[in-house]
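Let's take a look inside this protein and see what its residues are touching. Have the structure open as you read.

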Amino acid sequence: MSSIVARKRRLRTEAKKRRDEAAAKGDIGARLIDLFEQHVSLPRDITISGYYPVGSEANILPLLNALQQKGLDLSLPVVDKSHSPLIFRRWDEATEMQEGAFGILEPTPDAASVYPGLMLIPLLAFDRQGNRLGYGGGFYDLSIRSIREQQPVYALGVAFAAQEVSAVPCDKNDTTLDGILTEKGVMRVEAK
């Protein structure tokens, strides 16, 4: 096993514990709405991809509902197959959902596929350089790169501030975020 794989594995265990502890202190969903509205300006024609939170992930459902009420187009990711980019399907509260590959709710295949211009991305840990530690499947890394081949996309991680670490181990397969939204504000990436 390579050194970076081992370092990521150790950090995942530690980061999950930190995220669980932060989530136990309270839901930050309403706070994320206020901070997003203060710090993120969006064109009216943008499609936003969110995620359906599982476990102790930061709950963005209140934010997604607020964005939908403003008339913005939303989508959620769908895992199609391993080692492939995610598919993003249109979503609103009335969309029929099904349990996906990892037990996460996702829109059914009859929902239209889209390319988002803003991606709200869950994570286990992040650093100030925009490096993100996910669960290890590489789905978001592949998806960001794939979408950027078609159009610009702003990748915004969503997390508890306690999930920040000094450095996330990364390699050529990892794609950096453009910013991170936490209950303390929006952090722009310092350097790429």
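Start at Met-119: setting aside neighbours within four places in sequence, it is in contact (heavy atoms within 4.5 Å) with Ser-49, Phe-88, Tyr-140, Ser-143, Ile-144, Ile-147, Val-153, Tyr-154, Ala-155 and Leu-156.

A quick word on what you're viewing: it's a predicted model, where local features need pLDDT of at least 70, side-chain atom pairs count only at pLDDT 80 or more, and totals for chains, interfaces and linings use all residues. Residues are numbered from 1 along each chain as its sequence is written, and side-chain values use heavy atoms, with hydrogens and water left out.

Met-119 also belongs to the largest nonpolar core, which has 44 residues. Such a core is a set of buried Ala, Val, Leu, Ile, Met, Phe, Trp, Tyr and Cys residues joined through side-chain atoms within 4.5 Å, and buried means under 20% relative accessible area with a 1.4 Å probe, protein chains only. Phe-36, Ile-48, Leu-120, Leu-156 and Leu-181 are, with Met-119, the members that touch the most others.

| Element | Residues |
|---|---|
| helix H2 | 29–39 |
| helix H4 | 139–150 |
| strand S7 | 118–121 |
| strand S10 | 154–158 |

A second, separate core has seven residues, including Leu-11 and Val-165.

Zooming out, the protein has four helices and 12 strands. Of its 192 residues, 48% count as buried. Among contacts between residues at least 6 apart in sequence, 70% join residues at least 24 apart. The C-alpha trace spans about 45 × 35 × 30 Å along its principal axes.

Methods:
Buried < 20%, exposed > 50% of the residue type's maximum accessible area, 1.4 Å probe, protein only. Helix = DSSP H or I, 4+ residues; strand = E, 2+ residues; numbered from the N terminus.
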